[in-house]
Amino acid sequence: MQNIRDITSLCDIKAAACMALSDAVWDLAELRYQEHGAVAAQVALLEKEGFRITRDIAGIPTAFMAEAGHDSGGGNGPLIGLLGEYDALSGLGQASGVTERRSTTQANGQGCGHNLLGAGAMLAAIAVKDYLAQHRLPGRVRYYGCPAEEGGSGKTFMARAGLFADLDAAVTWHPGSFFGVMSVNSLANIQAYFRFSGRAAHAASAPHLGRSALDAVELMNVGVNYMREHMPSNTRVHYAITDTGGISPNVVQARAEVLYLVRGPSVALANTLFERVKKIAEGAALMTETQAFVDFDKACSEVLPNTTLEWAMHRNIEQLGPVQFDDADRAFAERMRRDALTPEDVFSSLRSVGEPTTYDRPLHEGILPFDGTPRQLYGSTDVGDVSWLTPTVQCWGPCFAVGTPGHSWQLVAQGKQPAAHKAMLQAAKAMAATAIDAFSDEALLKSAREEWEQRTAGAPYSCPIPPLVELPFERKNKAGILLGAGTSPFTAAPLSRSRPA
């Protein structure tokens, strides 16, 4: 209990600066691998707090590490990592503090709360640094500035570079609508561009001379949609047409592009489904007499839960208690629910975390029950790749009104509100307290490591991004690999093995 009181005090002292940082990153709303402003702001605050900064890690200009700690003479102690994010989503520019869709000059928006995620994890890292110094505990705390979680798998590229392998444990969180341990089985994913090359022609006078790349994209999409009936129910496939070949209907389109995102409960199953999608693309090219190219963009692994650390985090959350919202917080959340959410939004949100669907408060003012059994999360996160390299634990923070959809303008509108700040602070305290447990309780850390070793026995980490795949910002204007021309050098390593649950 003393640890909780000390951590609470240390977080409260530094909270205002991190809340201001969160709001600044909300204002910037930078997309994947473009988060230069967010990185500069985070690095400036961490340097002020005495952290040692390593920039441009894994060859990524918007990725960095910040480390602090000391050797008390009895050994170096554990190395615990805090994972932060700061990237935004395109097309979600939205005014703050309103309950209707209101366009702004900013095209992007913090539609997943990563402004809060990064600032909260930073606050936890700063509090842990101060705690170690005050109590003269040996050990180091390392904050990771992780770019491009949205559609970029920044942590997976970082994992491929070996940047998490020396950690004794990793701790993070995610803004949401509830407070509690985030014990989930997420979906692994693979994302790739499919580009078709055909032949232009006058669509009226000589259509027979053209070979339409846009037809190929449409036929590919039709084929994948027919495949949906024959996919496992726990897999997912999404797509976006990213190049239609121009806006002139009287020209047979000689180029077209579609971006596919394939998800499965393991890297092996996602890769199997991805190979089927590639075959459909080849078929579409055959039907249209075009060429199909695949450009592997990114991938991430499923999360490997660590029950040992999750129980430790749950105990800390119970000692901290629920977030203390006030009447103004509740009133705004109630307006958001009334004006911008549907009963189905609220029902789905409650059901996804196992809360009673009769819960009628606009904000979550409790603690999620925890029994050590992970829930299925049908989204994906590159935290999964970290969890395959070191024991990893996460929590949710109740930053938004119950029922707020992820990746929505409604979420963006709430990202700078006092309720979001209060939830971020409480999540930071939970993370910091759990990290301190790992520093001070040798048996806990040993047990977490033993559990992780048992879960990974016979199935060590294999990065789902093949070695020859370059970072997305290094691959500009590259067509990809021609399908049907033999084995691709970008093909993932065989992953037929099954990973333990």
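## Close-up views of the predicted model

**Figure 1. Ala148 sits in the loop between β6 (139-146) and α4 (154-160).** Helices (H or I, at least four residues) and strands (E, at least two) are DSSP runs, numbered from the N terminus. This is a predicted model, in which local features need pLDDT of at least 70, side-chain atom pairs count only at pLDDT 80 or more, and totals for chains, interfaces and linings use all residues. Residues are numbered from 1 along each chain as its sequence is written, and side-chain values use heavy atoms, with hydrogens and water left out. Although Ala148 is not a glycine, its phi is positive, at about 55°. Is Ala148 buried or exposed? With a relative accessibility of 0%, Ala148 counts as buried (under 20% relative accessible area; exposed is over 50%, and partly exposed lies in between, with a 1.4 Å probe and protein chains only).

**Figure 2. Ala29 is another residue with a positive phi that is not a glycine.** Here the angle is about 45°. Ala29 belongs to the loop that links α1 and α2 (36-48). Its relative accessibility is 1%, so Ala29 counts as buried.

**Figure 3. Ala20 lies in helix α1, which runs over residues 2-28.** Ala20 has a relative accessible area of 46% and is therefore partly exposed. For a sense of distance, follow Ala20 to Tyr86: the two are 66 residues apart in sequence, and their C-alpha atoms are 14 Å apart in space.

**Figure 4. Trp173 is one of the residues that touch the most other members of the largest nonpolar core.** A nonpolar core is a set of buried Ala, Val, Leu, Ile, Met, Phe, Trp, Tyr and Cys residues joined through side-chain atoms within 4.5 Å. This core has 82 residues, and Leu46, Phe51, Phe64 and Tyr143 join Trp173 in touching the most other members. Which helix gives the most to this core? Helix α12 (residues 418-440) does, with 15 residues. Leaving out residues up to four places away in sequence, Trp173 touches Leu116, Leu117, Gly120, Ala121, Cys395, Trp396, Gly397, Cys399, Met424, Ala427 and Met431 (a contact means heavy atoms within 4.5 Å). As background, nonpolar side chains tend to be buried together in soluble globular proteins.

**Figure 5. Ala256 is a buried residue in strand β12 (residues 255-264).** The relative accessibility of Ala256 is 2%. Beyond neighbours up to four places away in sequence, Ala256 touches Phe194, Arg195 and Phe196, along with Ala213, Leu214, Val217, Asp243 and Thr244. From Ala256 to Ile465, 209 residues apart along the chain, the C-alpha separation is 25 Å.

**Figure 6. Leu219 lies in helix α5 (residues 213-227).** Because its relative accessibility is 32%, Leu219 counts as partly exposed. Which residues does Leu219 touch, not counting those up to four places away in sequence? They are Ala284, Met287 and Thr288. Thr242 is 23 residues from Leu219 along the chain, and 15 Å separates their C-alpha atoms.

**Figure 7. Gly69 belongs to strand β2 (residues 64-70).** Gly69 is partly exposed, with 30% relative accessible area. With neighbours within four places in sequence set aside, Gly69 is in contact with Arg52, Gly139 and Arg140. Gly69 and Ala281 are 212 residues apart in sequence, and 52 Å lies between their C-alpha atoms.

Figure 8. Along its principal axes, the C-alpha trace spans about 80 × 50 × 40 Å. A compact globule of 501 residues would have a radius of gyration near 23 Å, and the chain agrees, at 23 Å. That radius is taken over C-alpha atoms, and the globule rule is 2.2 Å times the number of residues to the power 0.38. Of the 501 residues, 59% are buried. Among contacts between residues at least 6 apart in sequence, 82% join residues at least 24 apart. The chain carries 44 positive and 53 negative side chains, and the centres of the two sets are 2 Å apart. Lys and Arg count as positive and Asp and Glu as negative, while His and the chain ends are not counted; each charge is placed at NZ of Lys, CZ of Arg, CG of Asp or CD of Glu.
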